[in-house]
Amino acid sequence: MILDLKTKVDKLGVEDRVSRITKRSLKSEAKLQGLKMILSMIDLTTLEGMDTNKSVEQLCYKATHLHQEFPDLPNVAAVCVYPNMVKTASNFLKDSKVKVASVATAFPSGNSSLEVKIQETKEAIFNGAEEIDMVISRGKFHSGEYNYVFDEIATIKETCGDKARLKVILETGELGDYDHIRLASEISIKAGADFIKTSTGKIKPAATLPITLVMLEAIKDHYYNTGKMVGMKPAGGISNSKLALQYLIMVKETLGNLWLDKHWFRFGASSLANDVLMQILKQKTGVYQSNNYFSKD
Amino acid sequence: MSSKIKSLKYNGKWDFSPSIESIENLSIQKEYQLFINGQFQQPLAKKYFPSINPSNEQQLSRIAKAESEDVDMAVKSARVAFNGQWGKISGKERAKYIYRIARLIQEKSKELAIVETLDGGKPIRESRDIDIPLAAAHFFYYAGWADKLEYAFPNRFPKPLGVVGQIIPWNFPLMMAAWKIAPALATGNTVVLKPAESTSITALLLAEIIKEAELPPGVVNIITGDGSTGNLIVNHPDVNKIAFTGSTQVGKSIMENISGTNKRSTMELGGKAANIIFEDAPLDQAVEGVINGIYFNQGHVCCAGSRLFIQESVYDVVLRKLKDRMQSLLVGNPLDKNTDIGAVNSKQQLATIQKYIDIGVKEGADIFQLNCELPKNGYWCPPTLFTNVSQSHSIAKEEIFGPVLAVQTFRTTQEVINKANNTPYGLSAGVWTDKGSKAFNLASKLKAGVIWANTYNKFDPTSPFGGYKESGHGREGGLHGLSPYLNLE
């Protein structure tokens, strides 16, 4: 495999572009439309050691009943859980349009053998996962073993086959420079990722606007070169509507109309949905409601 | 890169709703007077000219036209102030006044930004985030120098020149006034300043600020009018220095006029800057820099990156990225917070830009323009670029002062240095490369006063600005900006 490592990223330039994007002003109809879009793009996530069947079921219930008073609002895109909770989630969601996503490949560190990772992926898919969120091997990446990282992704992609879409988590908080993030994005895309994703949510910093821009630009270059679309999922740290709208504006101005769709863009978040709901109600009624009106899980 | 891939689409799916800056609490006077000797006064001949909002062609206000006797009065009051109190107070005291002006600009920044946008047509985003903050920053910066001139020029006994005449352009009205007035005051001179005919209002609001700051009468006089008023200042026998920012053509005629006199001069004139993208550059950021370089302020920027040189190996991909990026530029109401490209400053300037676009087409270059809806009234030009351009095309040689980019290619470093320097101008240049040594090499070979590496159109009061060749002489900003206002031994 020959990797195109030529593409350079200028940190200050990326941050300048981001600061200009964050100055866009969203009002009235466009804001409401954006908020609804965000809601439809959320991967409602619970990834805790203390997750139980009951807590996952509660989350699934929430995913399918976001706000009773406004049935015209879209549901979230997916529920994202650990592999051992996939069965619970998929049983609950089997009659809904909400997809079941599962982290796999020794999430969050990825420090395990390829065999274990393949097995875990297979199990998750067998139990009903329609989307697999894998992590790349950051240790191998930092030791320059890019081919290993590539092959691992390609193998998991092969395991997913046509049963599940593969999201590849770069864990950007552990990669350091934007040049590394760009390179990891290219490796993942070329190895067959359907989505590239910033973070596990376990490492800080998680998703940021500049990091997401670097990844969106890698996606754009891949589209220019091949005509193939790859999705993007920033995850972790996006907890309010204002920030989420800025992400969406960035997608609009970097990749354009095609990506403004839950099939190609997702937010990995747990508390974002409530804030979006609150803002939508504010847009519709003109007043903010107490957050006590929105169920926590 | 495959050429079969469809272009990306950026509009029509989730477009921004209007987000208009409110002008409810704004009051623009029906008529503005001359600011002479600390007072607003009518011109002796009682002549006025209209100031037009270029985004809707409506008259905003009427501006006094200063004629010979008004100019004479302004220069006299500046002379009296120089010989009087202002010439005697310490640098520390001068600094207090300048700081006060800076703070008042900050306090009134919103009003100033809105008026700048109404009068000049530039997007509110730019006047709010760039013009007004930089104007305040310039006063703050030079206030700091006022009591340190002996340290800036050790053993050279710095002394002010006297009365300085300052003539500024319409592209950054308030900011240019700040660039001129702040160093002149810090060095102890007195000022007669004339803003451009089409954009006088913020300079007159600055006059109100100066009055509010209780600057002694006559230290700053702001008089309005057209080129003939400027001429009167240039030729007034009691003016010690002319500081001019504007076109090379007018700059040349000023130099002719003051030759044989003792008048000093600073000229900040036109440009035709090269923005150079090497194959190893961070391409997405370079494209953003090209956009900022040529479409900032509708291209009404003397240092605009109006000539783009792309290394051939990355030509296709850069051009594609550039065209896609252009699609998300929003052209329209300058008061809309999302507007990227506002109105062209005047009918006359629009005609000039249109003339060059026609020449470009006639000379055989390929035109690409953003396909967008333009408002019915007002003066508008969509972002434009030309490919298939060579050094000998008029659009690659002459300053257009509009949102028109001429794209050329190159193969080697030496080739692009030759091409970039092959111009009578030399104000600015941009270099995009990941290689530090290449950037420094270019910086030493390009004959331009300002060279940006991996960025473009970045301004700061601490950094000197000015040109080579027909782009002018003298520097504004930084320590270098002090000496043109001083007699040094």
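What percentage of the 489 residues in chain B is buried? Buried residues make up 57%. Figure 1 opens with that chain.

The model is predicted, so to speak of local features a pLDDT of at least 70 is needed, side-chain atom pairs count only at pLDDT 80 or more, and totals for chains, interfaces and linings use all residues. Residues are numbered from 1 along each chain as its sequence is written, while chains are lettered from A and ligands numbered from 1 in the order in which they are written.

**Figure 1. Chain B as a whole.**
The secondary structure of chain B comprises 16 helices and 20 strands. Helices (H or I, at least four residues) and strands (E, at least two) are DSSP runs, numbered from the N terminus. Along the principal axes, the C-alpha atoms fill a box of roughly 75 × 50 × 35 Å. The radius of gyration of chain B is 23 Å, which agrees with the value near 23 Å for a compact globule of 489 residues. That radius is taken over C-alpha atoms, and the globule rule is 2.2 Å times the number of residues to the power 0.38. A residue is buried if 20 or more other C-beta atoms lie within 10 Å of its own, exposed if 12 or fewer, and partly exposed in between; the C-beta atoms are placed from the backbone. Among contacts in chain B between residues at least 6 apart in sequence, 73% join residues at least 24 apart. Two residues are in contact if their C-beta atoms, placed from the backbone, lie within 7 Å.

**Figure 2. The two domains of chain B.**
Domain 1 covers 31-269 + 468-487, and domain 2 covers 274-453. These bounds come from an automatic or database domain assignment. Taken over C-alpha atoms, the domain centres are separated by 30 Å. In the contact, 20 residues of domain 1 of chain B meet 27 residues of domain 2 of chain B. On the domain 1 side, helix H4 (109-120) and helix H5 (124-145) of chain B are the elements that give two or more residues.

**Figure 3. A mixed sheet in chain B.**
Seven strands form an open sheet in the order E14-E15-E16-E13-E12-E17-E18, with mixed pairing. Two strands pair if DSSP finds at least two bridges between them. Strand E14 (366-369) and strand E18 (450-453) of chain B are the edges, each pairing on one side only. The twist averages 20° from one strand to the next. Helix H13 (residues 347-362) of chain B packs on the sheet and touches E14, strand E15 (384-387) and strand E16 (404-410). The direction of H13 makes about 35° with that of E16(B). Axes are lines fitted to C-alpha atoms, for helices over the stretch in contact, and angles run from 0 to 180 degrees between N-to-C directions.

**Figure 4**
Strand E17 (residues 428-432) of chain B runs parallel to E18(B), and four bridges join the two. Ala429(B) stands opposite Ile451(B) in E18(B). Lys435(B) sits in the loop between E17 and helix H16 (436-445) of chain B. Lys435(B) counts as partly exposed because it has 13 C-beta neighbours inside 10 Å. Lys435(B) and Gly449(B) are 14 residues apart along the chain, and their C-alpha atoms are separated by 21 Å.

Chain A has eleven helices and eight strands. Of its 297 residues, 56% count as buried. The C-alpha trace spans about 55 × 45 × 30 Å along its principal axes. Eight strands make an open sheet in the order E7-E6-E5-E4-E3-E2-E1-E8, with parallel pairing. The edge strands are strand E7 (231-233) and strand E8 (267-269) of chain A. Neighbouring strands are turned by 25° against each other on average, direction ignored. Strand E1 (residues 42-45) of chain A pairs with E8(A) over three bridges. Ile42(A) stands opposite Phe267(A) in E8(A).

**Figure 4. Where chain B meets chain A.**
The contact takes 29 residues from chain B and 28 residues from chain A. Helix H11 (283-295) and helix H12 (315-327) of chain B each supply at least two residues of the chain B side. H11(B) gives the most to that side, with four residues.
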